[in-house]
Amino acid sequence: MAEITNVEVQRRVKRREILKEMDLSGLHFEEMNLDGGDFRKCKLEGSTFNGVPMNYTRFEACNLSRCEMRGTSLRESAIVECDLSDIELQDSDLTEANLRNCVFVRANLSGCRLVQSVMLEVKGHLSNFTQVVLHGTLLEGAKLQVCDFSACDARHLLAANADFSGSHFAGAHLHASM
């Protein structure tokens with residue numbers, strides 16, 4: 001149960017307040033603007049952000065499991081050390097986002113743009129990355145096992161020491177990737 005309302009969250013984001021260690025689970029943020037929000041150690045499990053602008057937002061050590069974020073703009077956002085299990089991120093824009101040390105279990109990122117994004121040391125399995133654009137994305141040390149990367153477009157992808165065991169890459173374009 002959320003501690004405050006979605007309207008109060010938006011008000012605090014606009015005032016550039018840090019939302020820390022708050023339970024914001026199950027809130028619906030459609031038709032709101034959360035650009036520049038700063039969420040630290042918050043529980044947002046099961047919240048809905050479909051189509052919400054959240055550019056330059058910071059999520060640090062947050063529980064974002066079971067969130068719906070379809071068509072969301074998270075450009076230049078930092079999503080660090082977060083649980084993204086069972087998240088729905090289809091067709092979202094994560095250009096230049098930092099997703100370091102996140103957990104992706106059964107996550108759906110199909111159709112996302114991850115251009116020039118950082119995904120260092122991410123871990124996960126059974127996630128859907130079909131038709132994802134991964135141009136210049138850094139996946140060093142990633143452990144994404146039994147994931148579907150079908151038809152993804154990965155130009156200049158850097159994935160040193162990454163483990164994609166059991167993952168599927170049918171129709172994927174891996175131009176100049178290492």
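**Aromatic pairs.** I started with the rings and found 7 aromatic pairs in the structure. For this I let rings of Phe, Tyr and Trp (its six-membered ring) pair if their centres lie within 6.5 Å; planes under 30 degrees apart count as stacked, over 60 as edge-to-face and the rest as tilted. Phe 29 and Phe 49 are stacked, because their ring centres are 4.8 Å apart and their planes meet at 10°. This pair links distant parts of the chain, 20 residues apart: Phe 29 sits in the loop between β1 (18-20) and β2 (38-40), and Phe 49 in the loop between β2 and β3 (58-60). My helices (H or I, at least four residues) and strands (E, at least two) are DSSP runs, numbered from the N terminus.

**A note on the model.** I am working with a predicted model, so to speak of local features I need pLDDT of at least 70, and side-chain atom pairs count only at pLDDT 80 or more, while totals for chains, interfaces and linings use all residues. Residues are numbered from 1 along each chain as its sequence is written, and side-chain values use heavy atoms, with hydrogens and water left out.

Are Phe 29 and Phe 49 buried or exposed? Phe 29 has 0% relative accessibility and counts as buried, and Phe 49 is buried with a relative accessible area of 0%. My cut-offs are under 20% relative accessible area for buried, over 50% for exposed, and partly exposed in between (1.4 Å probe, protein chains only).

**A second stacked pair.** The rings of Phe 149 and Phe 169 are stacked, because their centres are 4.9 Å apart and their planes are at 5°. Both residues lie in the segment after β7 (143-145), 20 residues apart. Phe 149 is buried at 2%, whereas Phe 169 is partly exposed at 32%. I also noted that ring pairs link Phe 104, Phe 129, Phe 149, Phe 164 and Phe 169 into a cluster.

**The sheet.** I traced an open sheet of 4 strands, in the order β1-β2-β3-β4, with parallel pairing. β1 and β4 (78-80) are the edge strands, each pairing on one side only. Two strands pair here if DSSP finds at least two bridges between them; β2 and β3 have 3 bridges in the parallel sense. Phe 39 stands opposite Phe 59 in β3.

**The core.** I then looked up the largest nonpolar core, which has 50 residues. Such a core is a set of buried Ala, Val, Leu, Ile, Met, Phe, Trp, Tyr and Cys residues joined through side-chain atoms within 4.5 Å. Those with the most contacts inside it are Val 9, Phe 39, Leu 44, Phe 59, Leu 64 and Ile 79. Beyond its neighbours within four places in sequence, Leu 64 is in contact (heavy atoms within 4.5 Å) with residues including Leu 44, Met 69, Ile 79 and Cys 82.

**Helix α1.** In α1 (residues 6-14) I found Glu 8, Val 9, Gln 10 and Val 13 buried. Their cover includes β1 and β2. Just after α1, Arg 16 takes a positive phi of about 65°.

**Cysteines.** How many disulfides are there? I count 0, taking a disulfide as a pair of cysteine sulfur atoms within 2.5 Å. For Cys 82, the nearest cysteine sulfur is that of Cys 62, 4.8 Å away. Cys 82 is buried at 2%.
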